[in-house]
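Good morning, colleagues. Please look at the sequence and structure now on the screen.

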Amino acid sequence: MKPLDGITILDLSRVLACPFASMILAELGATVIKVEQPDGGDETRAFEPKVHGEGGDESAYYLAFNRSKQSITVNFRKPEGQEVIRRLAHDADVVVENFPVGTLARYGLDKGHIAPGNPDLIYFSCTGFGMTGPYAPRKGYDTVFQAMGGIMSLTGERDGGPVKPGLPVADLTSGLWAAIGILSALVGRERSGRGCHIDFSMLDGQVGLLSLAAARYFALGEVPPRMGTEHPGRVPSAAFECRDGKWVQITGSDQHWKPLCDLLDLPQWGADAELARNAVRVARREEVMAGLQAAVARLDRDELCRRCDAAGVPAGPILDVGEILNNEHVRARGMVSSYDHPRIGRFGAVPVPFKFEGYEDPQVERPPLLGEHTDEVLRARLGLSAEEITALRQLGAI
């Protein structure tokens with residue numbers, strides 16, 4: 001048994017944030033019915049990069065966020081298609097959507113109209129700026145929310161311009177917020193017997209991540225500057241370049257200072273009672289960082305990491321994507337998996353990172369082909385006959 005066995009999610013979302021959330025929930029056991037438009041489906045099916053196989057091409061972007069789901073094709077613009085969605089929502093536990101504010105209301109698929117006979121329904125709406133507020137009508141993408149939400153202002157080298165993180169952080173973290181919100185609502189429903197509507201804004205999600213930066217602003221009135229890999233309140237906490245041109249991130253507290261000095265052959269600093277205090281090291285940041293960098297530059301990355309591990313100093317090599325996906329610990333933890341796809345053959349996947357005792361662990365299953373489960377879902381869940389399904393297809397509703 002998986003934790004979410006028996007939960008049905010009708011997923012009207014597309015692109016990244018909400019598909020990522022519903023994929024997580026699917027691999028935790030929920031049945032996720034992904035609703036796609038008949039003329040091409042989720043737009044990410046056409047995104048680069050493409051994976052070429054004997055049976056055709058697939059988008060790696062789509063594959064990354066849509067594992068373990070069923071796919072049906074329904075045309076929202078047709079009244080008959082709208083009715084299919086409403087009937088599916090009547091028996092669903094959760095509906096997930098990420099259309100611009102007001103879009104689904106035009107089709108009678110908003111919370112108030114999609115399933116009036118299902119008061120237990122949890123309806124999750126993800127928009128760029130929320131259902132209320134002066135920015136509600138605006139549209140945006142991941143990088144816009146990074147820019148407006150503060151994270152881009154914090155990212156980059158000192159005295160340099162703002163930098164976008166290497167991953168779509170706003171989309172990915174919004175997917176995690178979405179999963180948290182849906183799981184919370186499911187627990188709440190068990191206690192109250194009522195469903196709910198969740199209004200989630202991707203900008204709100206980014207503001208919600210400011211945490212320490214916000215605390216410093218509240219406490220000190222400080223607008224944190226860009227500091228590269230350094231920490232505003234801790235020294236050392238930064239990336240250092242080694243002799244071989246590779247990099248190591250070292251982050252230590254007061255108890256790590258002397259062992260770090262010893263392993264870097266800096267006995268005078270290790271014996272300095274003043275430098276043993278973080279507040280002093282922060283005040284003397286330029287001097288300390290320059291001295292540490294000079295010492296680190298005498299060692300190769302692997303040797304420095306070995307010494308840090310032996311001394312109990314928190315440090316780690318800065319690994320690229322290829323290195324981490326082939327790392328022995330990551331592999332031992334099962335964090336690189338794969339599945340068989342009917343068009344492209346064997347393809348890699350990064351699993352949901354939970355190890356359960358008392359439940360089955362999440363399993364990686366392949367993403368669906370476009371509309372692969374349409375007939376099966378309409379037959380099993382709505383009781384439609386083959387003739388009725390054919391009629392809907394002729395009308396362009398599915």
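Predicted model: local features only at pLDDT ≥ 70, side-chain atom pairs only at ≥ 80, totals over all residues.

Glu303 and Arg306 form a salt bridge through their side chains, with an N to O distance of 2.7 Å. Glu303 and Arg306 are three residues apart in helix H14, residues 301-311, so about one helical turn separates them.

Glu303 also has a salt bridge with Arg307, where the closest N and O atoms are 2.9 Å apart. Arg307 and Glu303 are four residues apart, again about one turn of helix H14.

How accessible are these side chains? Glu303 is partly exposed, at a relative accessible area of 27%.

Let me widen the view. How many salt bridges does a search of the whole structure find? The search returns 23. Salt bridges also link Arg158, Glu230, Arg285 and Glu286 in a network.

A further salt bridge joins the side chains of Asp11 and Lys69, at 3.7 Å from N to O. This pair connects distant parts of the chain, 58 residues apart: Asp11 belongs to strand E1, residues 8-11, while Lys69 sits in the loop between helix H2 and strand E5. Both Asp11 and Lys69 are buried.

Finally, I turn to helix H1, residues 17-27. Because 11 of its 11 residues are buried, H1 is largely enclosed by the rest of the structure. Among these buried residues are Cys18, Phe20, Met23 and Glu27. Gly29 follows H1 and has a positive phi, near 120°.

Definitions and conventions
Residues numbered from 1 in each chain as written. Heavy atoms only, no water. Buried < 20%, exposed > 50% of the residue type's maximum accessible area, 1.4 Å probe, protein only. Helix = DSSP H or I, 4+ residues; strand = E, 2+ residues; numbered from the N terminus. Salt bridge = Lys/Arg side-chain N within 4 Å of Asp/Glu carboxyl O.
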